[in-house]
Amino acid sequence: MVRNPDANREQFRPHDHPNESFLLTTVVGSYPKPKWLNRADELVEDPGSKFDHDHLEEAHDDACRLITNEHERAGLDTVVDGEMRRNEMVEFFAERIPGYEFNGPVKVWGHNYFDKPSVVEEVAYDEPWLVDEFEFTSNVAEKPVKVPITGPYTLGFWAFNEAYPSTEELVYDLADLVNEEVERLVEAGARYIQIDEPALATTPEDHAIVGEALERIVSGIPEEIRIGLHVCYGDYSRIYPEILEFPVHEFDVELCNGGYEQLDVFKQPAFTKDLALGVVDVHRKEVESVEAIEANIRKGLEVVPPEKLTVSPDCGVKLLPREVAYRKMENLVTAARNVEAALDAGELDHVTAPAPADD
Amino acid sequence: MTERVATTPGLYPLPDWAKETLSDLKGHQKGDLLSGDEGAEITEAYDEVRAEYVDEQLEAGLDRVVEGQGRWDDMIAHPLTIHDNVETGGIVRYYDNNNFYRDPRVIGELDFSGDVAADLEAAADVLAGDAPLQAVLPGPYSLADLASDEHYGDEAEFLAAVAEFLAGEVDAFPDHETLFLLEPSLIESPPAEGTEERATDAIRTVADATDAEVVVHTYWGALEEKLYAHLVDEAGADALGLDLVAGDRDDTVYNVQEYGSTDSLALGLVDGQNTLVEEPETIADRVEWFESQVPVDSFETTYLSSNAELFHLPSNKSTEKLVALAEAAEVVE
């Protein structure tokens, strides 16, 4: 299914947007957890403590309010709750999907471990995974809420496959479950879904599997629901232009970290989707100046015209100190508004971007 | 009559308690990883880990006992990353896995270290002769492949230096029955055509340093046939280790049919990267399937092993696989 990004972008333009031009500002998802929340997560596991699961839920609610508000204060057009309720991007979902089991942590590097689950029988859909989270955030947010979901390729390949003849088959079953979840989210009012597939960056030859999985995910989902795909830092030349065939509206890519070395990859053939461009580095603690971010945004205009450019951090910002994360968001928004104003004033020449297909 | 020997390529996952204790003692960052001069508390924790590994193998009934390589933070790059004349660079991907190690940048002469020998001495003490000891090292080809040379300046010279270094380490080992040289790079990034001998020379240098049986263990697929033939004839190995789990096992069978084999063989029969624990009967079937395909009446020894290192698994599954391997060696006809 072809998805037309023009069909759903305008719904995210705030009523009081100051400029004619509109660069959609957003985030990838994760945000540093407040220290007290980490303590609360630990405390609930302590049998000697009176702090119980109800208290933890209250703490999660409080943290979601706080971080959603922090995103709004930064001025973002679409917000998330910073994934305050989620522990890890595979674990969180594997805990909610029948068919997975956990056997203990495995080494990633040094003393960094990942509770890599095993798929021991056919995966199934039980309770909704994210609907409660979305409804809560949506109720406390004034801006539209984006919902990041770990994609089926990553959920499949970052697990031990004991049950399926091939991991590809597992991925397709998982894609059907994600489709069901997206349907529920849409029923609950979600308008902006982002599928996260970091595993694609490590095995780019599998883009066809990701493409087929995405077809399943969007099956029956109306065109006005914006679907994004986030892929972390990797060799994009190995997945471009093939990814233009994917049934999504927007690609979110990590380019700032690599100094936009790979930007040219996306220029030929012309980028037909919306580009969600990483304009701040999530691996550096130095806060980029507004001017530096403006320059990064203008890089995006070399690939797509402003009406197809979304502005975001490279990736989830959870590893940054919270204060740094906030200031990066704030500067990102200021820079986007400045570039919009310059575009309105005709001070920026964006005709260098390839013309969008207007047939 | 083929002797069946149940063993493993080592590099076990840390027990869950040790994952926690050691990350608390050492920290999570790149700079916190082992440099080979750890203090008493950390040494004690690793001693406990080693004792647990030895007990676990004895209990499972394996025919060879490894030290377990709990200290190998950087997987098979360890013998270099703790070396005095090696600096550790950035975190780089460990083959085609979601695992990373510190890039060992060799900045000076690779002289004697003795790090692995000390661990083996400690394991031998715990083992106290209850079962034969098996030493484990990276093969020189893989170790050179994983490292960056900033000293020798020539690829061939560097490989030879890595081989001499490993031979010197082996020379200091306590008595051991078997030496496993782990050589995944022979499959993952094989030597260019015409340079195979350089690789086999390097392996032979290490193999010649011990009187023990030497197993050159390859994994993550089948060897290219020409390289396979070189390894059989020139590497000085008593046994080649072949992966029957990952990749196309028919290619491996074809290599043996076409080019013969070493007098003994190690077979990667258990998946070191999947939590599904193979039944002993399934493992035995795989041995019999393989042996029925190849034109050899009997091998001197068939080593029953996992294909890859076991650190990829959660600790409980790794233990279960040890038991399955030991039982399989009893079951196989």
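In this predicted model, 19 residues of chain A are in contact with 32 residues of chain B. The two chains bury about 2,000 Å² between them, and 55% of that area is on carbon and sulfur atoms. On the chain A side, the residues that lose the most area to chain B are Lys107(A), Trp109(A) and His111(A), which together make up 35% of what that side buries.

| Item | Value |
|---|---|
| Area buried between chain A and chain B | about 2,000 Å² |
| Salt bridges across the interface of chain A and chain B | 0 |
| Salt bridges over all chains | 39 |
| Arg85(A) to Asp61(A), N to O | 2.9 Å |

Arg85(A) and Asp61(A) form a salt bridge through their side chains. Asp61(A) belongs to helix α2 of chain A, while Arg85(A) sits in the loop between α2 (53-73) and α3 (91-94) of that chain, so the pair ties together parts 24 residues apart in sequence.

Within chain B, helix α1 (residues 16-26) and helix α2 (residues 40-60) have axes that come within 10 Å and cross at roughly 165 degrees. An angle over 145 degrees counts as roughly antiparallel, so α1(B) is roughly antiparallel to α2(B). The crossing of α1(B) past α2(B) is left-handed.

From α1(B), the residues that make the contact are Trp17(B), Ala18(B), Leu22(B), Leu25(B) and Lys26(B); from α2(B), they are Glu41(B), Ile42(B), Ala45(B), Tyr46(B), Glu48(B), Val49(B) and Glu52(B). By class, this contact between α1(B) and α2(B) has 8 nonpolar and 4 charged residues, with no polar ones.

How values were computed: Residues numbered from 1 in each chain as written. Chains lettered and ligands numbered in written order. Predicted model: local features only at pLDDT ≥ 70, side-chain atom pairs only at ≥ 80, totals over all residues. Heavy atoms only, no water. Axes fitted to C-alpha atoms, helices over the stretch in contact; angles between N-to-C directions. Helix = DSSP H or I, 4+ residues; strand = E, 2+ residues; numbered from the N terminus. Parallel < 35°, antiparallel > 145°, perpendicular 65-115°, else oblique. Left-handed = near helix turned anticlockwise from the far one by under 90°. Contact = heavy atoms within 4.5 Å. Nonpolar A, V, L, I, M, F, W, Y, C, P; charged D, E, K, R; others polar. Buried area = accessible area lost by both parts, 1.4 Å probe. Salt bridge = Lys/Arg side-chain N within 4 Å of Asp/Glu carboxyl O.
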